[in-house]
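Take a look at the sequence and structure first, then read on.

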Amino acid sequence: MTSSRSQHRNTRRIADALGDVLEARVLTPAQATPAVLEQAALVGFGSGIYWMGFDQRLVDCIRPLPDMSGRNAFVFATSGLPEPPFRRYTHRLGLILEDRGFRLAGSFTCRGLDTWGPFKLVGGVSKGRPDAGDVAAAKNFAESMRLIAEDGT
Ligand SMILES: Cc1cc2nc3c(=O)[nH]c(=O)nc-3n(C[C@H](O)[C@H](O)[C@H](O)COP(=O)(O)O)c2cc1C
């Protein structure tokens, strides 16, 4: 699942790579209804990072979910800058998922071109990201998620 807010579709590129390996559909928050998510043994939740947090629409589609015990989830994000230690947004989203009963299987982050605000003046930060190396790393991560989902561990 990925947010539709994207300017650059950076996270969509990662979501597509994850979806390829996991043979899974990529959904927008609007498509990710409780009825759809209840059918999946493994769900990835991801978006670009905005104002040091995930897209609110992604968070909003998690809160109304029923008890998702027995299902695995993972978190993924692209951001212009690395996650700061004082604002661990991937950890926070993981806690929200665990609160809904998901077992948190892992998280994946990488840089994504950021042309927001003053960064535009210098052509953006994290130019060219996600790149082929990021996509390869995302695919490796997806393989590990696949093993967890198959094992049920
Ligand atoms: C309004 C706005 C706020 C942003 N806030 C942050 C931020 O707090 N931290 C960060 O590292 N990147 C930030 N970024 C950069 C995005 O996280 C980055 O470009 C990301 O790859 C966007 O993913 P997307 O193309 O899938 O939406 C921001 C970008 C925008 C447009």
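P130 sits in the loop between β4 and α5 (132–151), where helices (H or I, at least four residues) and strands (E, at least two) are DSSP runs numbered from the N terminus. A cis peptide bond joins R129 and P130, with omega at about -5°. The model is a predicted one, in which local features need pLDDT of at least 70 and side-chain atom pairs count only at pLDDT 80 or more, while totals for chains, interfaces and linings use all residues. Residues are numbered from 1 along each chain as its sequence is written, and side-chain values use heavy atoms, with hydrogens and water left out.

The loop between β4 and α5 also holds S126. This residue has a positive phi of about 55° although it is not a glycine. W51, also not a glycine, has a positive phi near 55°, and its place is the loop between β1 and β2 (53–54). Are these residues buried or exposed? S126 is buried, with a relative accessible area of 18%, whereas W51 is exposed at 65%. Here buried means under 20% relative accessible area, exposed over 50%, and partly exposed in between (1.4 Å probe, protein chains only).

Now to the ligand. It is surrounded by 19 residues, and the closest are T11, I49, Y50, T78 and L113; a residue counts as near if one of its heavy atoms lies within 4 Å of the molecule. The table lists polar contacts, that is, pairs of N or O atoms within 3.5 Å; within protein, one must be able to donate a hydrogen and the other to accept it, and residues adjacent in sequence count only if both atoms are side-chain atoms.

| Protein atom | Ligand atom | Distance |
|---|---|---|
| N10, polar side-chain atom | oxygen | 2.8 Å |
| T11, polar side-chain atom | oxygen | 2.6 Å |
| G80, backbone N or O atom | nitrogen | 3.2 Å |

The protein covers 90% of the 650 Å² of accessible area that the ligand has on its own, with areas taken from the Shrake-Rupley method with a 1.4 Å probe; for residues, only the protein chains shown count as cover. The elements giving two or more residues to the shell are α1 (10–22), β1 and β3. Of the shell, β1 supplies the largest share, 3 residues.

Next comes the interior. In soluble globular proteins, nonpolar side chains tend to be buried together. A nonpolar core is a set of buried Ala, Val, Leu, Ile, Met, Phe, Trp, Tyr and Cys residues joined through side-chain atoms within 4.5 Å. The largest one here has 21 residues, of which L37, F45, F54, I62, L93, L97 and F102 touch the most other members. Two or more residues come from each of β1 (42–50), α3 (56–62), β3 (72–79) and α4 (89–99). Apart from this core lies another, of 19 residues, including V21, F74, A142 and M145.

Leaving aside neighbours within four places in sequence, F102 is in contact (heavy atoms within 4.5 Å) with residues including V43, F45, L65 and L97. R100 lies in the loop between α4 and β4 (103–111). Its side chain reaches the backbone oxygen of L65 at 2.8 Å.

How many disulfides does a search of the whole structure find? The search finds 0, a disulfide being a pair of cysteine sulfur atoms within 2.5 Å. C61 is buried at 10% relative accessible area, and C110 is buried at 3%.
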